[in-house]
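Biologist: I'd like to go through this model with you before I plan anything around it. Could you put it up on the screen?

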Amino acid sequence: MQLVRIQTFFMEFFSLPKSYQQSMSAVLKIDSFHLFLHLYQPIMKEQYVKWFSPNLGQETEMLIFGTSGRPVIIFPTSVGKYYQNRDFKLIDSVAWFVDNGLVKIYCPDSVDEHSFYEEMIHPAERIRRHTIYDRFILDEVVERASSETGQHKVTVAGCSFGGYQAINF
């Protein structure tokens, strides 16, 4: 509301033509949105979980952000860890959506160093190990996300090799 008053004041004060006022109004709204995003201080809940995965046969870790909303699984990049998306500020970029309960983000650990990036094993074994990771994501991460949010569909995302994993999941 305050932004509209400021826009109106400037346009009337400078007696700008109507066409210019309309385009200027759009620019001011966009700039105010970017200012809002820049000044927004996230208050999102961050939860660390560690458990023994029966699929992987080892302990695994994951970060969860938010309390409700559509579940989003974000894979780390090549040989990345579960905290990578937080450390690179990718989670901060969607903090408003997390804080307002629109999404709940799950950042699982990867096993890339034991699958695709393990150069000492045969390519068929790399694929077999990655298939086990896919089963882990489906049976343990998606199951947890569905249980916690009450939603049966999840969104997957990632950058670099994480994007490859998301597309192929």
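Biologist: Let's begin inside: are Trp-51 and Phe-136 buried or exposed?

Modeller: Trp-51 is buried, and Phe-136 is too, where buried means under 20% relative accessible area, exposed over 50%, and partly exposed in between, with a 1.4 Å probe and protein chains only. Before going on, please keep in mind that this is a predicted model, in which local features need pLDDT of at least 70 and side-chain atom pairs count only at pLDDT 80 or more, while totals for chains, interfaces and linings use all residues. Residues are numbered from 1 along each chain as its sequence is written, and side-chain values use heavy atoms, with hydrogens and water left out.

Biologist: How many aromatic pairs are there in the structure?

Modeller: There are eight aromatic pairs, counting rings of Phe, Tyr and Trp (its six-membered ring) whose centres lie within 6.5 Å, with planes under 30 degrees apart called stacked, over 60 edge-to-face and the rest tilted. One of them joins Trp-51 and Phe-136, which count as stacked because their planes are at 25 degrees, with the ring centres 6.0 Å apart. Trp-51 belongs to strand β1 (residues 46-53) and Phe-136 to helix α5, so this pair ties together parts that are 85 residues apart in sequence; helices (H or I, at least four residues) and strands (E, at least two) are DSSP runs numbered from the N terminus.

Biologist: And which kind of pair do Phe-75 and Phe-169 form?

Modeller: That pair is tilted, with 6.4 Å from centre to centre and 55 degrees between the planes. Phe-75 sits in strand β3 (residues 70-75) and Phe-169 in the segment after α6 (161-168), so they connect parts 94 residues apart in sequence. Phe-75 is buried at 2% relative accessibility, whereas Phe-169 is partly exposed at 34%.

Biologist: Which residues do ring pairs link into a cluster?

Modeller: The cluster consists of Trp-51, Phe-75, Tyr-133, Phe-136 and Phe-169.

Biologist: Switching to charges, how many salt bridges did you count?

Modeller: The count is ten, taking a salt bridge as a side-chain nitrogen of Lys or Arg within 4 Å of a carboxyl oxygen of Asp or Glu. Among them is the one between Arg-135 and Asp-139, at 3.2 Å from N to O; these two residues both lie in helix α5, four residues apart, or about one turn of the helix. Salt bridges with shared partners also join Glu-46, Arg-86 and Asp-87 into one network, in which the side chains of Asp-87 and Arg-86 meet at 3.1 Å, N to O.

Biologist: What about Arg-126, is that buried or exposed?

Modeller: Arg-126, in helix α5 (residues 123-149), is buried yet has no salt bridge, and the nearest side chain of opposite charge, Glu-119, is 6.3 Å away; for charge, Lys and Arg count as positive and Asp and Glu as negative, leaving out His and the chain ends. Apart from neighbours within four places in sequence, Arg-126 is in contact (heavy atoms within 4.5 Å) with Ser-115, Phe-116, Glu-118, Glu-119 and Ile-121.

Biologist: Where is Trp-96 found?

Modeller: Trp-96 is found in helix α4 (residues 95-99), and it is partly exposed, with a relative accessible area of 31%.
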